[in-house]
Amino acid sequence: MDVILLQRIEKLGQMGEVVKVKPGFARNYLLPQKKALRATDANRARFEKQRAQLEAINLSRREEAQKISGKVEGLTVVIIRQAGETGHLYGSVSPRDVAAAATTGGVTIERSQVLMDRPIKMLGLHPVRVALHPEVVVTITANVAKSEEEAQIQKKAGGFVPPTTEEQPSLDEVLAQADEAAAGEAEPAEAEPKAEEAAEAKPKKKAKAEKAAKAEAEPAAEKPKREKKTKAKKAESDD
């Protein structure tokens with residue numbers, strides 16, 4: 001179907017151009033939204049007659065959109081949704097949801113102005129394009145989180161933050177650890193030498209070592225005499 005565009009349509013054409021579109025797209029969107037006219041001879045003549053007026057209206061709306069674009073550009077809207085541990089939403093975020101969140105935040109945006117190729121289905125920060133005017137498009141951020149607190153965390157981190165979970169031991173591991181602890185308490189501890197006994201033992205060990213060293217250093221000729229004297233002393237003690 002051929003239509004005459006009454007305003008700029010992204011990826012389609014500029015005001016006044018005659019373009020070919022699918023019949024469903026024309027009947028369900030372009031014609032009801034008064035963004036285009038059927039490209040008949042009567043409508044062509046009608047458009048040419050009103051072209052100056054339509055261009056003046058378009059210029060006025062574009063200037064108004066440019067004035068507020070600075071306030072909207074970079075805006076972040078928080079959207080609370082339920083989701084799993086991996087961040088997948090139980091549902092999705094649509095253009096209607098983004099428009100409602102922006103309006104709640106103080107910026108009136110129509111659903112039709114939110115340009116999204118597909119719904120949002122994950123937690124995190126998502127850039128969303130908003131057409132304040134067909135020729136003035138800005139980008140806002142949809143901060144989709146499970147709570148206001150998590151939204152603040154995501155904003156600081158720059159995206160979705162997965163929960164940190166420590167691996168929990170199984171029941172068998174817990175029981176095994178308990179049995180090992182009980183066995184360790186039942187075993188008698190080895191007796192450690194007292195400090196006093198250790199202190200007394202040191203001089204005795206030292207004297208014994210010095211005696212052995214002295215015996216080794218003794219001349220070979222003296223050893224028989226010393227052994228004979230030792231035997232004599234032992235015999236006297238036996239008597």
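I looked up S6 and S8 and found two bridges between them, in the antiparallel sense. Pairing here asks for at least two DSSP bridges between two strands. Helices (H or I, at least four residues) and strands (E, at least two) are DSSP runs, numbered from the N terminus. In S8, Arg129 stands opposite Leu115.

This is a predicted model, so I noted the limits: local features need pLDDT of at least 70, side-chain atom pairs count only at pLDDT 80 or more, and totals for chains, interfaces and linings use all residues. Numbering runs from 1 along each chain as its sequence is written, and side-chain values use heavy atoms, with hydrogens and water left out.

I then traced the open sheet of four strands: its order is S4-S9-S8-S6, and its pairing is mixed. Strand S4 (76-80) and S6 stand at the edges with a single partner strand each, so one side of each has no neighbour in the sheet. Helix H3 (residues 95-104) lies across S4, S6, S8 and strand S9 (136-145), at about 120 degrees to S4. Contact means heavy atoms within 4.5 Å. Axes are lines fitted to C-alpha atoms, for helices over the stretch in contact; angles run from 0 to 180 degrees between N-to-C directions.

Next I took the open sheet of three strands, ordered S2-S1-S3 with antiparallel pairing. Strand S2 (18-20) and strand S3 (36-38) are its edges, each with a single partner strand, so one side of each is left without a neighbour in the sheet. Its neighbouring strands are turned by 40 degrees against each other on average, direction ignored. Three bridges join S1 (residues 2-5) to S3. Leu5 has Ala36 as its bridge partner in S3. Helix H2 (residues 41-72) lies across S1, S2 and S3, at about 10 degrees to S1.

How many salt bridges are there? I count six, taking a side-chain nitrogen of Lys or Arg within 4 Å of a carboxyl oxygen of Asp or Glu. Asp2 and Lys20 form a salt bridge at 3.2 Å, N to O. This pair links strand S1 to strand S2, 18 residues apart.

Last, I checked the lining of the largest pocket. It divides into 25 nonpolar, nine polar and twelve charged residues. Nonpolar means Ala, Val, Leu, Ile, Met, Phe, Trp, Tyr, Cys and Pro; charged means Asp, Glu, Lys and Arg; the others, Gly among them, are polar.
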